[in-house]
Amino acid sequence: MKLKKQVTVCGAAIFCVAVFSLYLMLDRVQHDPARHQNGGNFPRSQISVLQNRIEQLEQLLEENHEIISHIKDSVLELTANAESPPALMPYHTANGSWAVLPEPRPSFFSVSPQDCQFALGGRGQKPELQMLAVSEDLPFDNVEGGVWRQGFDISYSPNDWDAEDLQVFVVPHSHNDPGWIKTFDKYYMEQTQHILNSMVSKLQEDPRRRFLWAEVSFFAKWWDNISAQKKAAVRRLVGNGQLEIATGGWVMPDEANSHYFALIDQLIEGHQWLERNLGATPRSGWAVDPFGHSSTMPYLLRRANLTSMLIQRVHYAIKKHFAATHSLEFMWRQMWDPDFSTDIFCHMMPFYSYDVPHTCGPDPKICCQFDFKRLPGGRINCPWKVPPRAITEANVADRAALLLDQYRKKSRLFRSNVLLVPLGDDFRYDKPQEWDAQFFNYQRLFDFLNSKPELHVQAQFGTLSEYFDALYKRTGVEPGARPPGFPVLSGDFFSYADREDHYWTGYYTSRPFYKSLDRVLEAHLRGAEVLYSLAVAHARRSGLAGQYPLSDFALLTEARRTLGLFQHHDAITGTAKEAVVVDYGVRLLRSLVSLKQVIINAAHYLVLGDKETYEFDPGTPFFQMDDSRLSHDALPERTVIELDSSPRFVVLFNPLEQERLSVVSLLVNSPRVRVLSEEGQPLSVQISAHWSSATNMVPDVYQVSVPIRLPALGLSTLQLQPDLDGPYTVPSSIRVYLNGVKLSVPRQTAFPLRVMDSSTSDFAISNHYMQVWFSGLTGLLKSIRRVDEEQEQQIDMKLLIYGTRTSKDKSGAYLFLPDSEAKPYVPKNSPVLRVTEGPFFSEVAAYYEHFHQVIRLYNLPGVEGLSLDMAILVDIRDYVNKELALRIHTDIDSQGTFFTDLNGFQVQPRRYLKKLPLQANFYPMPVMAYIQDAQRRLTLYTAQALGVSSLGDGQLEVILDRRLMQDDNRGLGQGLKDNKVTCNRFRLLLERRTMSREVQDERSTSYPSLLSHLTSMYLNMPPLALPVAKKQVTSSTLRSFHPLTSPLPCDFHLLNLRTIPAEDTLPSADAALILHRKGFDCGLEAKNLGFNCTTSQGKLALGSLFRGLDVVFLQPTSLTLLYPLASPSNSTDIFLEPMEIGTFRLRLG
């Protein structure tokens, strides 16, 4: 009682102070002469003065609203802490639904008004070329263009170069796919090593020769197998400019399905390797084969300090338009950039392909005659039936004239008189004879051309950067600066078509099982990086680094390279041969298991109360793994915790930089379980059955679900004990609707279970925020009604089937060529429905022949309870040429506009274009897609990259899986017939717009809300549950680990804390701290959301961020750490602009 009185007095005092402050403000309004002057425009009547004062008082009240709100929250917090029990205690309401008492702590949402300005836009100039507008304006008419079939006839006058010679750079290159038709290792053994070995000898024969390489994964493997003498020769070739490593990533990544964490990670891995082994720093980007291009890549390359880049696979109609308007070279700018700091110079190749027939000029029949690998007698020839001829003194004049005509025509498409001519193709230059044929014949042509001043041409071998340098010099600007008159472009280049209506939109979904496994590996890699870096820093500080397994760094390095390898544009895309997919899968699983080991070892050290007792024993790990997979193509099986007389402990890892309140579900072998917090307080739990099918419970396995607050990036401990039924353990109630299916459901005594033949009427599950309605016939979602609104929001889900064409061209791994609009999925039998209800979550499971859908609603305050959790288990292994799609239909007036993310980094507005075929309107969705109108926004979040569209107003549609029996004639030579049982995971969030502004305007940017960003991260970074393996552990042995003194501002994302290598397998004392400040829209509801969130105008004090560790060294660097951006400073305060990613070299001690 005494405490209650104190709380009451304290609360009353605070309230009195607040009221008295307002009274003084009112008094100040009446007597402040400055305010009287401000009000001098009003009439001097009593009424107007009173009106003026009322308005000023309203303004003051508005300003102080937040203060009063915080005072109220503080009083509530004091009261709650004094009165409430330690657990979230559920109870039944009068209408029979579950309610959970509010947590004994209020939430606050404090966003600075300055931080809201960013998303409103309006800063900076509008670029001349906005890709959304270009696509809306272009006719996409595919008119026959002569020898350049997708273009037009190009004419020129021989006098066009009288004032300035044409300068031609021929760039020999070999495009090496790290897995496609053959596995990575097989390509290396049979082709790549021979290419690189020949390169060393052939480039040394003549200093005029050049070669371009991009894939560091292959280069690193080769490097490990060559002599010191050869390594020295390679360093010389790089140093003298004969060999250029372009882009410098581990691979040439896919730009549609890859997540920005993985894109950055493979770029860092490549750049760090190049710096350590070659002393090389890439200057130019080279992306000739990704199937469409994302605007995330130019941002990342620019922040890595590259100044120029090249792209190739762009829709043929856009290439033609850009060629006609001399826009093939442009400054590529991010849509949000007000000060042009993201600009990077970009060259778009104009023709069909990057092979030799399509790079010297517009006529492939002529260009093919200058691919000297195709000389008569070789294994390949020219499809146009005119073979190349070796260059001799007798024919050099004629052959040079023919080639120069192509060079001149191609140069007419560009603004400068510097011309780029790539000379290569897939796995070229793998035999010494090809090196000789290309280099000798071209050198003869160059020597002839260069000896004729009247031709006004200078031709030579060059690297990509030599081309760009010459262009900058000719246009009179510094490298990377905008040449006068060159256009500025923003937007992206999806979706890609290479001819006719052949849109490469199938690969957005192809092989979704591995797209999902990719993201699981990514989440584990990030978690392992952070925990490893923190554990090593703490071990060093305690003088225990000698006992810590630094060998784990080799496992981290291998996992980085595995994830990097899978970002390759034939890996994550699902466009490799079946045997190659298996090879990728085995690598992914091996690295996943290794990362779980790294996490276990780091967590073991960090949760020990007495670090002196730490002992690394690889034979007997301290933790069990949270789950395991029997093979690379199997779904995970969660670990069952065996309860007996002694308590079992579980350590929970929260990979988010925010504190989170989540429901953690564990599997145990008894329904009678008691769960205690670290302090020994009993926690309320929900017990459920563990189901192996629609109606089969797994015997002796139960799911215990506990709501728990987890520290940011921290580790918490739980204790599990066998227990008789206590007040804190609540069983779920279950209803099963058999819908005519004759199945026997075992009646478990542990749970109230009702079995019914059918559900004729719709039914609902609900939580504190919403009521969610389902169809009684289908078990699929129908609508959502918020508790504070009368009206329901229609959100109708349907499954659909796409077929493929009967004509010659059919859908395959790359292409989506549907036969018509989608048809409804018609099940053979009615679905079995299962409804589970309980205090912390309720869910509806619908079991169909080809998919099982589970929609779960958490009954928690905050992020977890504001959205629907969806899992769809898909099995279409008996389909023939069909694709399964999920369509969500709402009454949102989206007006043909929808929004998809690019690489999880930014959001790109899209328009449904009726003039294009259905398949052209699909786009990649790595993380989210949304539709909106003036009142609402509906966002679908995904845990795996899939293809998405909005084919009608109020609709979102996702392709879940595709099974196709034939090749689509893009070189793979196989269909998609190796489908796996795949679990696609989603979240669905409905938000209200509170700031009234027209949302369907010509704005080229859009941003998620802060709640939306967090919802996506909750989905993609679930807590990891690690059961302690040793049973003799006591609660005093373990202590929760809180690495941060406070959570990060909620618009900051800690992308990585990545230990930097000293050598390939040994760690240094430094780490790369990579932070991303997210852009967000404040115009969506942010009141009473039930979670804590503050922003800080981009400021972050790193010096005091890490609990128990000092920041010994801090230096801002370029994205991949190759360039310091400032000298190391004593100040540890940093600042990031919205949307920016900042990398810092950090040493903790």
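A disulfide, taken here as a pair of cysteine sulfur atoms within 2.5 Å, joins C116 to C1082 in this predicted model, with an S to S distance of 2.1 Å. The torsion about the S-S bond is -80 degrees, which makes the link of C116 and C1082 left-handed. C116 sits in helix α4 (residues 113-120) and C1082 in the loop between β48 (1067-1077) and β49 (1093-1094), so this bond ties together parts that lie 966 residues apart in sequence. Helices (H or I, at least four residues) and strands (E, at least two) are DSSP runs, numbered from the N terminus. C116 counts as buried because its relative accessibility is 17%, and C1082 is buried with a relative accessible area of 18%.

Residues are numbered from 1 along each chain as its sequence is written, and side-chain values use heavy atoms, with hydrogens and water left out. As the model is a predicted one, local features need pLDDT of at least 70 and side-chain atom pairs count only at pLDDT 80 or more, whereas totals for chains, interfaces and linings use all residues.

The disulfide count comes to four. With the bonded cysteines of the chain numbered in sequence order, the pairing reads 1-7, 2-3, 4-5, 6-8. One of these bonds is formed by C360 and C367, whose sulfur atoms are 2.0 Å apart. This link is left-handed, with -90 degrees about the S-S bond. C360 has a relative accessible area of 1% and is buried, while C367 counts as buried at 0%.

Another disulfide connects C1050 and C1093, with 1.8 Å from S to S. Here the torsion about the S-S bond is 55 degrees, and the link of C1050 and C1093 is right-handed. The pair links distant parts of the chain: C1050 belongs to the loop between β46 (1024-1027) and β47 (1052-1061), and C1093 belongs to strand β49, 43 residues apart. C1050 is buried at a relative accessible area of 7%, and C1093 counts as buried at 1%. Elsewhere, C346 is buried at 0% relative accessibility, but C983 is partly exposed at 23%.

Attention now turns to helix α13. This helix spans residues 396-411, 16 residues in total, and reaches 22 Å from its first C-alpha to its last. That is close to the 22 Å expected at 1.5 Å a residue, where the expected span is 1.5 Å times one less than the number of residues. Of its 1149 residues, 61% count as buried. Residues 24 or more positions apart account for 75% of the contacts with a separation of 6 or more. The accessible surface, from the Shrake-Rupley method with a 1.4 Å probe and, for residues, only the protein chains shown as cover, comes to about 43000 Å², of which 52% belongs to carbon and sulfur atoms.

Note on methods. Buried means under 20% relative accessible area, exposed over 50%, partly exposed in between (1.4 Å probe, protein chains only). Contact means heavy atoms within 4.5 Å.
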